[in-house]
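Please keep the sequence and the model in view while reading.

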Amino acid sequence: MDKNIQKFLALIKTVEYGSFTKAAEALNYSQSGISRMISDLEAEWKISLLERGRSGVRLTSEGLKVLPYAKNVCNEYQKLQTQIDELHGLQSGLIRIGTFSSVATHWLPNIIKAFQKEYPNIDYELLLGDYTEIESWIAEGRVDCGFLRLPTRTELDTIFLEQDKLLVILPENHLLADCDRFPVTALGEDPFMLLEKGAKAEISEIFERCNITPKVQFTTWDDYAIMSMVESGLGISILPELILKRIPYRIVVKELEAPAYREIGLAMKDKESAPLAVKRFLDYLQYRTREKI
């Protein structure tokens with residue numbers, strides 16, 4: 001990579017993370033290396049780019065003015081690399097994917113396995129987060145694409161993938177363990193383990209829609225922690241069907257009396273300008289549920 005591009009990336013990542021150390025980790029440099037590259041830019045341009053303090057770093061007024069241009073240069077460089085990859089027949093590349101646990105566990109292994117048969121030299125970087133975090137990563141360019149609950153931000157390009165049913169999970173000794181479908185009104189009777197973090201929580205929307213106030217005693221974004229709590233008899237919960245495949249927990253899974261779903265899709269900033277490896281990756285989304293080759 002061109003040395004100036006490296007310096008621009010060092011600046012961009014330092015601003016993004018607010019820290020030389022975190023930027024160094026993201027770019028696989030030493031902390032002193034990142035600091036030196038930014039100092040080189042400041043010396044070359046004869047301006048101060050960052051204010052350094054105990055709480056981290058932030059842009060100066062001069063830095064605010066030049067950062068958009070540094071980002072544009074890096075974006076154009078990425079487009080150049082994409083063209084070069086096309087000329088070389090996609091012999092190398094990196095796909096950065098934002099995802100949540102159920103997709104990472106049950107879809108991505110199948111997709112990547114099929115993709116690697118045709119493109120064995122492509123590398124992957126997976127970032128696990130909630131819907132809001134993944135949206136931000138896509139918009140900021142931290143990832144090339146991300147799996148999300150739809151609808152998402154209107155400025156993102158999206159591909160609908162599947163409708164995922166939301167199911168109730170119960171301890172094996174629950175009074176309604178043998179029911180045909182779990183009554184919605186009963187959701188407010190037991191302690192509830194809530195799968196939620198930040199905004200866009202489809203489970204809370206069920207309660208709002210049905211005018212039910214749950215007895216929430218535990219909140220997390222860890223599906224498996226929820227299942228363990230329910231198995232131990234601490235309460236009940238609602239989880240997506242996708243995460244409930246091949247589970248090691250002794251729990252009972254029931255459909256809701258009033259069915260509820262989440263829409264899963266893949267989103268990216270701009271499908272047309274995506275790196276070639278990402279465009280090819282999209283063709284393999286069909287292999288998510290089982291290997292077809």
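**A residue in a loop**

N211 is located in the loop that joins α8 (202-210) to β8 (215-220). The structure is a predicted model. The phi angle of N211 is near 55°, a positive value in a residue that is not glycine. N211 counts as exposed because its relative accessibility is 72%, and the cut-off for exposed residues is over 50%. The points below begin with the protein as a whole and then turn to particular residues and elements.

**The protein as a whole**

- The protein contains ten helices and ten strands.
- Along the principal axes, its C-alpha atoms fill a box of roughly 70 × 50 × 30 Å.
- The protein has 293 residues, of which 46% count as buried.
- Among contacts in the protein with a separation of 6 or more, 72% are accounted for by residues 24 or more positions apart.
- The protein exposes about 15300 Å², and carbon and sulfur atoms supply 47% of this area.

**Backbone features in loops**

- Most residues other than glycine have a negative phi, and most peptide bonds are trans.
- R246 has a positive phi of about 55° although it is not a glycine.
- The position of R246 is in the loop between β9 (236-240) and β10 (251-268).
- R246 counts as exposed because its relative accessibility is 68%.
- The peptide bond that runs from L150 to P151 is cis, with omega near 0°.
- P151 belongs to the loop between β5 (145-150) and β6 (157-171).

**Two helices in contact**

- Two packed helices are described by the angle between their axes and the distance between the axes.
- Helix α2 (residues 20-27) packs with helix α3 (residues 31-45) at an angle of about 105°, and their axes are 8 Å apart.
- This angle makes α2 roughly perpendicular to α3, because angles of 65 to 115 degrees count as roughly perpendicular.
- On the α2 side, the residues in this contact are F20, T21, A23, A24 and L27, and they meet Q31, I34, S35 and I38 in α3.
- The residues of the contact of α2 with α3 divide into six nonpolar, three polar and no charged.

**Aromatic residues**

- A pair of aromatic rings is described by the distance of the centres and the angle of the planes.
- The count of aromatic pairs comes to eleven.
- One of these is the pair of F115 and Y119, which is tilted, with 4.9 Å centre to centre and 40° between the planes.
- F115 and Y119 are both buried.
- F115 also forms an aromatic pair with Y284, and this pair is edge-to-face, with 5.1 Å centre to centre and 85° between the planes.
- The pair of F115 and Y284 links distant parts of the chain, since F115 is in helix α6 (residues 108-118) and Y284 is in the segment after α10 (276-282), 169 residues apart.
- Y284, like F115, is buried.
- One aromatic cluster is formed by F115, Y119, Y124, F281, Y284 and Y287.

**A buried valine**

- V103 is part of helix α5 (residues 101-106).
- V103 counts as buried because its relative accessibility is 0%, and the cut-off for buried residues is under 20%.
- Leaving aside residues up to four places away in sequence, V103 touches L108, P109, F147, L242 and I264.
- V103 and R288 are 185 residues apart in sequence, and their C-alpha atoms are 8.8 Å apart in space.

- T220 is in strand β8.
- With a relative accessibility of 17%, T220 counts as buried.
- T220 touches L194, L195, E196, A225 and I226, again leaving aside residues up to four places away in sequence.
- W221 is in the loop between β8 and α9 (223-231).
- W221 is partly exposed, because its relative accessible area is 22%.
- W221 and D130 are 91 residues apart along the chain, and their C-alpha atoms are separated by 7.5 Å.

Note on methods: Residues are numbered from 1 along each chain as its sequence is written. This is a predicted model: local features need pLDDT of at least 70, side-chain atom pairs count only at pLDDT 80 or more; totals for chains, interfaces and linings use all residues. Side-chain values use heavy atoms; hydrogens and water are left out. Axes are lines fitted to C-alpha atoms, for helices over the stretch in contact, and angles run from 0 to 180 degrees between N-to-C directions. Helices (H or I, at least four residues) and strands (E, at least two) are DSSP runs, numbered from the N terminus. Angles under 35 degrees count as roughly parallel, over 145 as roughly antiparallel, 65 to 115 as roughly perpendicular and the rest as oblique. Contact means heavy atoms within 4.5 Å. Ala, Val, Leu, Ile, Met, Phe, Trp, Tyr, Cys and Pro count as nonpolar, Asp, Glu, Lys and Arg as charged, and the others, Gly among them, as polar. Buried means under 20% relative accessible area, exposed over 50%, partly exposed in between (1.4 Å probe, protein chains only). Accessible areas come from the Shrake-Rupley method with a 1.4 Å probe; for residues, only the protein chains shown count as cover. Rings of Phe, Tyr and Trp (its six-membered ring) pair if their centres lie within 6.5 Å; planes under 30 degrees apart count as stacked, over 60 as edge-to-face and the rest as tilted.
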